[in-house]
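Please keep the sequence and the 3D view at hand while working through the points.

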Amino acid sequence: MFLFSDDDQQVLEVVAFQEEFRSWFIGESVQQDGSLHMVTPVDPLFLVLPYLVKAYESGMYMPIDQLVSDEQYPDCIRLLSCVNPSDLEHICDVKGSGDVRAYRYNEEWTLEWLKQKVEQVADKLSDSSVRVAGGAQLLTFTHSLKSEQASRDDYLRYACGLVSDYISTDLSKELTQHMGIKLPEKKEVKCTEPPAKKAKLSDIPEAAEDYSKFAVKDDKPKNTKMTAAQRALSKVDKSGMKSISSFFSPKTAAKNKKK
């Protein structure tokens, strides 16, 4: 989000810093929204640039007030009061003189202008000893240790990423090629899946090893002890006695005998 200063001489960017668990203590009350908003100045040419690139398709030179025009954002005309006409020469071809001037986007000059921006940012990062070895993986600036000094290419690569946040993706690729910046290759991480476990069929823990193969089979008949009643019954003479199952024969069998 961007704001204009009260005198329309400066464009400001609003950056919000938010965390999930954060609040403000104001007097005797607690403000639930603990976000922090910071306002920093930004070069208005970054906001003018998309209009110039869009109008370049026609290949015509036009006055700047016709180039920077948007029905959805009519206040974009206020950008012209923040831009010095001489600054437009960094990114445009200019025809005419005095108050009558026509402009057309120049990609080569724009890349040179962006290159200077990247180098300025890289110098500032280097002077502040900002850790940039992690590239885009770092979400916040942290001061580097002496043992982790970054090279000039690291600072340029990181600074190019910061500047690219204000330009289109296509122009960012052109800038990277123009400066000869090599992006780090993404390493593929192979995830090895652990072996599938057996389905647990019961709550009884299973033995880690099978000890049944070490069991010794006993082929000798086991001596079973008999009760006193069983011993007495075994001594009775059972000859001529019917089996108890004969008293429970089917009725159909009994009828057949009578016939």
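In which loop is the place of Leu88? Leu88 sits in the loop that runs between α3 (79–82) and β6 (92–97). The structure is a predicted model, and the points below are grouped by topic.

- Leu88 counts as buried because its relative accessibility is 4%, and the cut-off for buried is under 20%.
- Between the C-alpha atoms of Leu88 and Thr110 there is a separation of 9.9 Å; along the chain these two residues are 22 residues apart.

**Cysteines**

- Cys82 has a relative accessibility of 13% and therefore counts as buried.
- Cys92 also counts as buried, because its relative accessibility is 1%.
- How many disulfides does the count give? The count comes to zero disulfides, where a disulfide would require a pair of cysteine sulfur atoms within 2.5 Å.

**A patch of negative charge**

- Six named residues form a patch of negative charge on the surface: Glu107, Glu108, Glu112, Glu119, Asp170 and Glu174.
- Two helices, α4 (107–127) and α6 (169–179), each supply at least two residues of this negative patch.
- Which helix gives the most to the negative patch? Helix α4 does, with four residues.
- Asp170, one of the patch residues, belongs to helix α6.
- Is Asp170 buried or exposed? Asp170 counts as exposed because its relative accessibility is 58%, and the cut-off for exposed is over 50%.

- Most residues other than glycine have a negative phi.
- Asp8 is not a glycine, yet its phi is positive, at about 55°.
- The place of Asp8 is in the loop between β1 (2–4) and β2 (11–17).
- Ser129 is likewise not a glycine and has a positive phi of about 55°.
- Ser129 is found in the loop between α4 and α5 (152–164).
- With a relative accessible area of 34%, Ser129 is partly exposed, because this value falls between the cut-offs for buried (under 20%) and exposed (over 50%).

Technical notes:
Residues are numbered from 1 along each chain as its sequence is written. This is a predicted model: local features need pLDDT of at least 70, side-chain atom pairs count only at pLDDT 80 or more; totals for chains, interfaces and linings use all residues. Side-chain values use heavy atoms; hydrogens and water are left out. Patches are made of residues with over 30% relative accessible area and no salt bridge: like charges are joined within 9 Å, nonpolar side chains (Val, Leu, Ile, Met, Phe, Trp, Tyr) within 5 Å. Accessible areas come from the Shrake-Rupley method with a 1.4 Å probe; for residues, only the protein chains shown count as cover. A salt bridge is a side-chain nitrogen of Lys or Arg within 4 Å of a carboxyl oxygen of Asp or Glu. Lys and Arg count as positive and Asp and Glu as negative; His and the chain ends are not counted. The place of a charge is taken as NZ of Lys, CZ of Arg, CG of Asp or CD of Glu. Buried means under 20% relative accessible area, exposed over 50%, partly exposed in between (1.4 Å probe, protein chains only).
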